[in-house]
Amino acid sequence: MSETTSNENDYGFLIDASRCIDCRACLVACSVQNETPMETTRIWIKETGVTGQFPDLERYSAPYHCMHCEDPSCLSACTVGALQKGENGIVTYDQDRCIGCRYCMYACPFQVPNYEWKQQLPLIVKCDMCISRLGEGESEPACAATCPTDAIIFGRKSEMLAEAHRRIEENPGKYIDHVYGEHENGGTATFYVSPAPFEDLGFPSAGEMSPAYSNRLVTHGTPTVAGAVAVGLSSIYLTIKHHEEAMEALKNGSTHEADNAADEETQVAAQEAA
Amino acid sequence: MSSTTITRREFLKIAGASLGALAVGQMLPIKVAEAARRAGMLDINGNGYIPTMCEMCVWRCGVRAKVKDGRVVKLEGNPEHPHSLGHLCARGQSGLMNTYDPDRVLTPLIRVGQRGEGKFREASWEEALDLAASKMQEIKDKYGPEAMVFSSTHNLSQVQFENLLNAYGSPNYGTQRSLCFNAMIVANQMTYGLEEPFRNYDGLKYLILTGRNLMEAISTSETSILSHAIDKGLKVVYIDPRFTKTAAKATDWCAIRPGTDLAFHLALLNVIISEDRYNHDFVEKYTVGFDQLAAEVENYTPEWAAPITDIKADVIRRIAREFSDAAPYAMAHNGWRTSNFENSFQTQRAIACLNALVGNWGIHLLPAAAEGAGLGAPPQPPYPRASAMRLDGVPWKYPLVPFKLGVFQELRDAIIAEQPYKAHGWFIARQNPVQSLPDRNKTLAAMSKMDFIAVVDIFLNDTAWFADVVLPEASYLERYDPLNVVGDLAFIRQPVIQPQGEAKSALWIYKELGKRLGLEDYFQYIDEEDYLRQQLAPLGMTLEEVRQKGYARLSGGSDEVEFTWNTPSGKVELFSGTLDNAGFNALPTWEEPPRPSAGKFYLLTGKVGRHTQFGTQNNQLLRKYQDEPRLWMNPVSAKALGLQDNDLVKVTSAVGEVNIQLWVTQAIRSDCVYLTPGYGHLSKGLTTGYGVGASDSVLHVTFTDPISGSQALTQTFVSVTAA
């Protein structure tokens with residue numbers, strides 16, 4: 001069902017909210033490295049804000065960028081192949097192919113692709129693990145390289161995931177027992193560990209199934225730009241519906257059931273749309 | 001002249017060719033790139049990495065600057081530099097925006113309008129330097145060298161700035177030191193006979209941070225090391241009236257009442273002595289005055305300190321016990337900008353004594369490397385004797401304040417009152433006293449008394465806005481500075497791109513001014529490279545080797561002499577005879593700080609991770625990712641005042657008022673407000689920073705500690721109303 005391309009050479013990130021100090025060195029480093037226009041960004045800080053009652057307070061934050069999903073929803077929503085999953089599992093963006101339709105923005109359950117709203121010929125802006133930088137022989141993307149507290153580390157995806165579980169297991173009580181990104185949206189290459197619940201950090205509660213599957217039901221077999229709008233809108237509808245239902249079910253307490261329910265619904269919807 | 005330094009003739013040619021700030025790098029004959037290519041740092045196309053040092057704050061991280069087609073395109077932390085450990089903070093990462101800021105001043109400017117109108121005309125270096133030198137000479141001839149005030153802030157070329165002022169013969173020197181760390185330095189000198197020890201976190205188990213907000217006032221390596229130590233189980237007690245990002249990482253956050261850090265530390269001393277928890281061996285062998293200290297702190301019990309500090313007695317007792325249980329792997333951190341209240345000097349003395357009692361010297365506190373040790377220097381004739389009284393009151397009002405530190409904030413009263421004599425000129429380099437000194441109106445009043453003001457900077461900063469002549473300096477990515485010693489390595493700052501426009505290094509500017517003032521014998525270097533070659537001469541390394549490697553290893557170290565404390569007794573002085581002789585308390589003693597009257601708040605200051613003082617608000621990359629500066633207020637206080645989040649409020653102190661938006665947050669005590677420092681720029685030459693936020697220097701009242709000369713920055717109280 002999934003078109004997972006995960007292999008042992010895939011890269012991944014591990015981001016630890018217990019180490020992030022919200023200094024934003026990663027944000028600036030990313031902007032410089034990728035010459036990102038001033039009004040947009042490839043990377044944000046998600047934060048809990050100051051929580052609790054004085055003087056029993058807490059505060060956590062974590063940098064947030066493309067998760068590099070195993071089965072990327074953005075890719076499946078893109079009708080012109082501007083988004084691709086590359087060799088090391090990196091989800092790349094080709095500006096020469098992009099027609100600026102922004103379907104990928106709606107498709108991504110993590111709300112990652114950004115848009116150069118103020119540019120005359122706007123492009124999508126998203127993390128590509130600094131693929132050109134890695135090609136120049138640097139060992140890490142700009143964000144991970146500069147992080148003063150090593151809150152972002154980068155390496156083989158399998159090692160990042162193992163390290164995430166090691167941190168949780170070896171520090172009982174320090175982190176919540178959830179590696180965000182391991183199962184979200186069918187699995188990603190960006191793993192988070194955090195002492196605070198991910199909802200409190202403002203992370204979307206993506207289901208465990210990528211809507212890419214249902215998107216493909218409509219995008220496959222329509223390679224020309226001609227029907228792109230209708231196709232894209234269907235994909236968006238499916239994605240949003242999937243997402244909303246997963247969220248609703250989560251509120252009601254059962255992640256697993258939510259996924260199943262959402263999955264069934266989207267399949268029905270997909271058939272209707274087709 | 002060496003081939004990589006442009007001659008005057010070449011320079012004029014270049015200046016004529018340069019049109020736009022951003023394009024200049026590509027248009028210049030790329031001399032820097034040529035030299036870098038010869039040294040193997042850049043490839044045939046001019047691409048590669050050049051090692052240098054950051055100057056976005058004073059920590060000076062090692063940098064690998066990526067250069068492409070004559071432009072610097074990315075900065076990386078240099079893993080070989082102990083201050084960066086391969087990382088850079090947000091400011092360090094934004095450094096090329098500082099160099100390529102469209103607001104850079106790239107040609108000398110001479111004022112044409114009224115002071116403060118911001119009207120200047122472009123001038124040649126010849127004209128600007130001749131004008132500055134002739135005014136300075138005229139003041140010296142008419143009124144004596146003391147009529148010229150010099151001021152500059154912590155930088156690597158400061159040694160040649162000081163050379164210029166000493167050769168000129170003025171005793172009047174203002175630095176940032178009294179606004180920052182005088183309390184710590186004088187206390188360490190009185191106790192340990194040194195300015196500041198090097199802090200070693202290896203094996204540390206327990207740390208007390210007194211307002212040292214390392215996760216926001218970032219020193220890259222120390223922040224990194226602390227973060228990893230916390231991860232490995234280091235216990236951190238963090239004392240601050242604000243819940244900062246460091247508080248969020250600490251084991252204990254104590255929301256202490258401002259001004260009472262001293263009471264907290266005295267109570268720690270009390271518990272450690274009364275419960276016999278101190279290191280007897282260290283105290284007996286290496287300290288003097290233990291019995292007097294024990295007697296002095298006898299009554300400073302945790303129960304005494306609790307109502308003063310708002311920290312529960314059992315918490316203070318627990319911290320004292322945990323701290324001494326962890327000894328000698330325990331450390332009380334001095335802090336950074338340690339001047340908060342007039343009693344901050346006593347707090348620093350108490351911290352110094354606390355470290356001595358747990359015997360952590362040689363383990364976590366180590367002697368720091370002397371500046372410039374082992375390096376050569378250009379030969380210098382003796383300086384003229386400066387016999388006039390200093391306008392800042394050192395030593396006639398402030399007997400224990402070292403000349404080097406001074407009491408900058410006190411200069412202005414003397415200038416305004418023209419007592420003990422009238423000052424006529426002010427030469428300011430790499431400093432912005434309009435924003436840095438407390439009570440901005442007083443600073444502006446002092447400046448208005450001057451016949452002549454010259455400023456050296458890369459921007460038209462708020463002080464340059466009021467200058468008669470502005471001399472544009474090359475940015476830290478465009479110039480050499482003297483070498484910087486860290487441990488047994490001397491690091492280089494070198495140009496990674498050609499200076500844009502007509503910007504010149506400070507070493508060049510001071511030498512050219514010196515020449516015109518008839519002081520050329522004091523500047524015995526041909527150019528920047530010759531200066532560095534003279535520094536490197538004793539090491540047997542060539543400049544080319546150091547440029548490529550990024551540092552030189554200092555020789556020696558094999559025949560180390562045993563360390564002795566440079567105090568009168570040669571020991572750690574818990575009881576300071578020097579303080580006693582000067583008529584001050586020889587032991588750390590409680591001094592009651594003033595408290596705000598009803599309806600007023602303590603005005604807190606403290607850094608944010610995106611900015612360095614008032615020098616970076618114009619950086620577009622930092623602006624992109626900064627929080628809008630707001631006034632922090634606890635919801636209890638906001639409710640009592642009928643104020644809500646984001647309301648525009650008026651903040652009023654005894655000397656000024658500002659308007660700013662409110663941030664209602666639990667992260668601050670209800671008797672305090674906090675204003676992000678460095679904003680509220682006056683200069684319209686800072687097009688990104690102008691008009692953003694409010695300046696805390698408008699509000700700060702001048703309070704000077706009589707012992708260390710520190711400006712007490714948190715002793716200002718304010719009222720807050722709807723604007």
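**Domains, fold and chain contact of chain B**

In chain B, 7 residues of domain 1 are in contact with 5 residues of domain 2. On the side of domain 1 of chain B that touches domain 2 of chain B, these residues comprise 5 nonpolar, 1 polar and 1 charged. The centres of the two domains, taken over C-alpha atoms, are separated by 37 Å. The structure described here is a predicted model, and the domain assignment of chain B divides it into domain 1 (109-180 + 391-476 + 501-541), domain 2 (182-361) and domain 3 (601-722).

Considered as a whole, chain B contains 25 helices and 27 strands. Its radius of gyration is 25 Å, close to the 27 Å that the globule rule gives for 723 residues, so chain B is as compact as a globular protein of that length. Taken along the principal axes, the box filled by the C-alpha atoms of chain B is roughly 75 × 65 × 50 Å. Of the 723 residues in chain B, 60% are buried, and among the contacts in chain B between residues at least 6 apart in sequence, 73% join residues that are at least 24 apart.

One of the features of chain B is an open sheet of 3 strands, which are arranged in the order 18-19-20 with antiparallel pairing. Strand 18 (481-486) and strand 20 (551-553) of chain B are the edge strands of this sheet, each of them pairing on one side only. On average, and with direction ignored, neighbouring strands of the sheet are turned by 25° against each other. Strand 18 of chain B pairs with strand 19 (residues 489-493) of chain B in the antiparallel sense over 4 bridges; within this part of the chain, B:Arg493 in strand 19 of chain B is the bridge partner of B:Asp481. In general, the strands of a sheet pair through backbone hydrogen bonds, in either a parallel or an antiparallel manner.

Key
Residues are numbered from 1 along each chain as its sequence is written. Chains are lettered from A and ligands numbered from 1 in the order in which they are written. This is a predicted model: local features need pLDDT of at least 70, side-chain atom pairs count only at pLDDT 80 or more; totals for chains, interfaces and linings use all residues. Helices (H or I, at least four residues) and strands (E, at least two) are DSSP runs, numbered from the N terminus. The radius of gyration is taken over C-alpha atoms; the globule rule is 2.2 Å times the number of residues to the power 0.38. A residue is buried if 20 or more other C-beta atoms lie within 10 Å of its own, exposed if 12 or fewer, and partly exposed in between; C-beta atoms are placed from the backbone. Two residues are in contact if their C-beta atoms, placed from the backbone, lie within 7 Å. Two strands pair if DSSP finds at least two bridges between them. Axes are lines fitted to C-alpha atoms, for helices over the stretch in contact, and angles run from 0 to 180 degrees between N-to-C directions. Domain bounds come from an automatic or database domain assignment. Ala, Val, Leu, Ile, Met, Phe, Trp, Tyr, Cys and Pro count as nonpolar, Asp, Glu, Lys and Arg as charged, and the others, Gly among them, as polar.
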